[in-house]
Structure formats: C-alpha cells, structure tokens
Amino acid sequence: MTPTVRVQEAPFDLAAETAALSAGRVDVGGIASFIGLCRADDGLEALVLEHYPGMTERSIARIAQEAAGRWPLTGCTVIHRHGRILPGEGIVLVLAASRHRTAALEACAFLIDWLKTGAPFWKREEFATGTDRWVEARAEDEARREGWG
Amino acid sequence: MRVLYFAWLRQRAGTGEESVSPPPEVRDVGALMRWLAARSPGHASAFADPAQVRAAVNQEFCGPDHPVKPGDEVAFFPPVTGG
C-alpha cells in the first residue's frame, strides 16, 4: 500500500480522490473520509496556512505509514492545502480504504488526529477588520493524539 | 548551519532563513536558541518564551537537548496547528 500524500495550494476533489482508491480493483470494502473545512468564526475572512516544504510531506507520509502498520489498509490519501483558504473551502482531505469498515473508519480518525499534532503547518486567521492572529495549538488535540498510544 | 523560522517566529526574527556559524560551545538546540536570541531585538522577541518554541533538526522534530553541528538545517516554529 503506497499512500498518496499531497501538499498543495489548489482545492481538492473528494469524488475523484475517492474513486481513485477503488479504481480497477474489487477488494476494497469501504472508504472512510474526513474533510476539514474553513469556518467563518468571529468574522474570519480567510485562513492562511504556512508549512515547511519537504518536512511537511515527509511527516504526513510517515503518519500514513504508521496507519498502514496498525490497520489493514488497501489505500490511503492525505491532501493538505496551504496558502490562503476562504470560509467554506476544504483545508484537508483524509481518505482510508480497507476491506472492512472498522479499519477504514478507525484509520481515518487516527490519520487526522496525528496530522493535527505531527505535521508542520501553521494557521493564521485574517479578519474583516484588517487584523490577524496566529492560531494557538490546543491541548485537546494533543490529548487525542496521545489517546491512540 | 542553515536556520529556518516559521509562523510568528519568522515575523519576529524578521527573516525566514539565515546562514549562521555559531561558536563550537553551541552544541545543542537549546544553546543555539540562546545564541540566536542575542543576534537582534527581533530574535530576542522570537525566543522570549522558549516554552512556545518547537524545533526540528534536519527536518526531524526534536527537543532542546538534541545536538547541532555545522551543516545542519535547524528550524524553529510554534506548536503546529494544521488539519
């Protein structure tokens, strides 16, 4: 199983990425998906995501390999956007495919939980008032990561 | 040694990347942070709260005790907030 990992500015296509995980094969029993979206909290006008080219892709690939070691996946895809993202747009797409639903659903949850604390991305919020601020890491995210052991 | 800064550390340091040659007694990440902090008021501001600074050496997350040597790529950044 070779994970698909992409860090890109462009939006992603859920339908196309999902189809790619079962194209030409008949052993895939389920595909779980998670999409993180940009919310317009507190008058937010845009999110600007910074990353560490090279390290970010490698970190995500390693997390995907960790998932593949824990669950019998037939495929997995992680696409994370960087740059300026508007409310309503997707930020991150995680797909996990397996013969059975439990592995797909658990691996998908694991992937997004580990990605939040283990891949170098930083979010800056831009507001309609012209102000901006860096998003702070949340202890809850770290706790969820620890929960997977 | 190549030093990279991301997010608010980049803004405070006033640069995203610089090439530095610290003295030989700067042997680990913590010592490098203290040495870099003395470079300018901006650097001092970037490293003012070490508890809010994370690091990577050669693109691997690491703690303040991790060794550094000439030729390394050392990055400093806040706790990550992707996803």
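Analyst: Two strands are taken to pair if DSSP finds at least two bridges between them, and the strands (E, at least two residues) and helices (H or I, at least four) are DSSP runs numbered from the N terminus. This is a predicted model, in which local features need pLDDT of at least 70 and side-chain atom pairs count only at pLDDT 80 or more, while totals for chains, interfaces and linings use all residues. Residues are numbered from 1 along each chain as its sequence is written, and chains are lettered from A and ligands numbered from 1 in the order in which they are written.

With those terms in place, the sheet of chain A is an open one of four strands, in the order E1-E4-E6-E2, and its pairing is mixed. Strands E1 (4-8) and E2 (30-37) of chain A each have a single partner strand and stand at the edges, so one side of each is left without a neighbour in the sheet. On average, neighbouring strands of this sheet are turned by 5° against each other, direction ignored. E1(A) runs parallel to strand E4 (residues 73-81) of chain A, and five bridges join the two; in this region, Gln8(A) stands opposite Arg81(A) of E4(A).

Helix H1 (residues 14-22) of chain A packs on the sheet, where it touches E2, E4 and strand E6 (90-98) of chain A, and its direction makes about 20° with that of E6(A). Such contacts require C-beta atoms, placed from the backbone, to lie within 7 Å, and angles run from 0 to 180 degrees between N-to-C directions, with axes fitted to C-alpha atoms, for helices over the stretch in contact. Helix H3 (residues 101-118) of chain A also lies across E2, E4 and E6 of chain A, and runs at about 145° to E6(A).

How values were computed: Two residues are in contact if their C-beta atoms, placed from the backbone, lie within 7 Å.
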